[in-house]
Amino acid sequence: MARTFHTVGVVGLGTMGAGIAEVFARAGLSVIGVEVDAAALERGRDNLRRSTERAVARGRMTPGERDDILARVGFTGALADLRDADLVVEAIPEVMDYKRALFADLDRVCRPDAVLATNTSSLSVTAIAAFTSRPGQVVGMHFFNPAPVMRLVEVVGTVVTEDGLTADVAELARRVGKTPVTVGDRAGFVVNRLLLGYLNHAVTLLERGVAAKDDIDTAMKTGAGLPMGPFTLLDLIGLDVSHEICEVLFQETRDRVHAPAPLLRELVTAGLLGRKSGRGFHDHA
Ligand code: CAA
């Protein structure tokens, strides 16, 4: 019988987690947002408030709908509050040791039949599943930034995923207004495998002095019909996240297109991470 999901937990309320919580709440599900860092929890709450406020201001949502959405999301610092969740989506930083600790904890606090999903963009879902006693109930549910706007969700199954689970998760993605594609557990899945090589290559072109960054952005936006040029997009994704994905892809593929461009690494080392830090390739202050 197909699984249905009513209450969803989202762990980690950074850019992606806050956006994912909003997606579920907008679609009428109850959401429990968990963030251990108190300041990050407040930022997550603010994100949701600002995003729904913007929708009201643009006439895309009534004040009543906004209030209903806000009422559907609970914020907490305690993982134990996930005890009634049907599904938990993890959106914490891409560090395997953090995932290991979190999934072991989730395995303890969540109902035995709950599904555990990771929003990882490049780490192995199979390895994450192996941190639990229920690897068959662990999937990847990879959203794109900004999560409330981008329609795709990559649903990642592994060799041990229970029959029918990826189909049920894909159905949930449809229910919350997304377009799911089912993909195998290979580094970068589909989008990042193709996209990050291109973005990294754009940094190499800049390093080689082929063109200025604004001109490369303009060229790809107006010549290739993309919504954003590569440097604007790198700033949106986050240079640290982009660098990390390139590293993982390079380890797996050994394809030089994924070897992180030195300039990308330098900007990350300097703390210029893109929109979230106020400056990356472009200034966002
Ligand atoms: N959060 C919520 N809503 C947002 C938003 C955000 N961060 N940014 C924009 N929006 C909304 C706006 O409110 C607006 O909504 P309405 O139409 O309801 O008013 C809508 O999106 C369009 O926004 P704008 O008019 O301001 O700007 P735009 O038309 O340039 O669109 C964009 C912005 C949707 C981000 C578009 O530029 C775009 O699609 N860019 C490419 C993004 C992309 O490729 N993302 C994937 C990155 S890869 C990834 O995420 C995977 C990974 O693992 C790293």
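This is a predicted model: local features need pLDDT of at least 70, side-chain atom pairs count only at pLDDT 80 or more; totals for chains, interfaces and linings use all residues.

Student: What makes helix 9 largely enclosed by the rest of the structure?
Tutor: A residue is called buried if 20 or more other C-beta atoms lie within 10 Å of its own. Seven of the eight residues of helix 9 are buried, so the helix counts as largely enclosed. Those buried residues are Pro230, Phe231, Thr232, Leu233, Leu234, Asp235 and Ile237.

Student: Which helices do the buried residues of helix 9 pack against?
Tutor: They pack against helix 7, helix 8 (213-223) and helix 10 (239-253). Contact here requires C-beta atoms within 7 Å.

Student: Why is Phe189 called buried?
Tutor: Phe189 has 21 other C-beta atoms within 10 Å. The cut-off for buried is 20 or more, so Phe189 is buried. This residue sits in the loop between strand 8 and helix 7, and its phi is positive, about 50 degrees, although it is not a glycine.

Student: Is Arg254 buried or exposed, and how do you know?
Tutor: Arg254 has 9 C-beta neighbours inside 10 Å. Exposed means 12 or fewer, so Arg254 counts as exposed. Its place is the loop between helix 10 and helix 11 (262-269). Arg254 also has a positive phi, near 60 degrees, and is a residue other than glycine.

Student: Why is His6 called exposed?
Tutor: There are 11 other C-beta atoms within 10 Å of His6. With the limit for exposed at 12 or fewer, His6 is therefore exposed. His6 belongs to the segment before strand 1 (7-11).

Student: Which residues does His6 touch, not counting residues up to four places away in sequence?
Tutor: His6 touches Leu29, Ser30 and Asp86. As for Ser133, 127 residues apart from His6 along the chain, the two C-alpha atoms are separated by 23 Å.

Student: What makes strand 3 and strand 8 edge strands?
Tutor: The sheet is open, with eight strands in the order 3-2-1-4-5-6-7-8 and mixed pairing. Strand 3 (73-76) and strand 8 (179-183) each pair on one side only, and that puts them at the edges. On average, neighbouring strands of this sheet are turned by 25 degrees against each other, direction ignored.

Student: How do you know that strand 7 and strand 8 pair?
Tutor: At least two bridges are needed for two strands to pair. Strand 7 (residues 152-156) and strand 8 have five bridges, in the parallel sense. Leu152 has Thr179 of strand 8 as its bridge partner, and Val156 has Val183.

Student: How many bridges join strand 6 to strand 7?
Tutor: Three bridges join strand 6 (residues 138-142) to strand 7, and the two run antiparallel. The cut-off is at least two, so three bridges are enough for a pair. Val155 in strand 7 stands opposite Met141.

Student: Why is strand 7 called largely enclosed?
Tutor: Four of the five residues of strand 7 are buried, so the strand is largely enclosed by the rest of the structure.

Student: What makes the peptide bond from Asn145 to Pro146 cis?
Tutor: Its omega is near 0 degrees. Pro146 lies in the loop between strand 6 and strand 7.

Student: Which residues come nearest to the ligand?
Tutor: Of the 19 residues around the ligand, Ser121, Phe144, Asn145, Pro146 and Pro227 come nearest. Two or more shell residues come from each of helix 2 (38-57), helix 7 (191-207) and helix 9 (230-237). Helix 7 gives the largest share, three residues. The shell has twelve nonpolar, four polar and three charged residues.

Student: From which domains does the shell around the ligand draw at least three residues?
Tutor: Domain 1 (7-183) and domain 2 (192-276) each supply at least three. The centres of the two domains, taken over C-alpha atoms, are separated by 26 Å. Their contact takes six residues from domain 1 and eight residues from domain 2. On the domain 1 side, the touching residues are one nonpolar, four polar and one charged.

Conventions. Residues are numbered from 1 along each chain as its sequence is written. A residue is near a molecule or strand if its C-beta atom, placed from the backbone, lies within 6 Å of it. Ala, Val, Leu, Ile, Met, Phe, Trp, Tyr, Cys and Pro count as nonpolar, Asp, Glu, Lys and Arg as charged, and the others, Gly among them, as polar. Domain bounds come from an automatic or database domain assignment. Two residues are in contact if their C-beta atoms, placed from the backbone, lie within 7 Å. Axes are lines fitted to C-alpha atoms, for helices over the stretch in contact, and angles run from 0 to 180 degrees between N-to-C directions.
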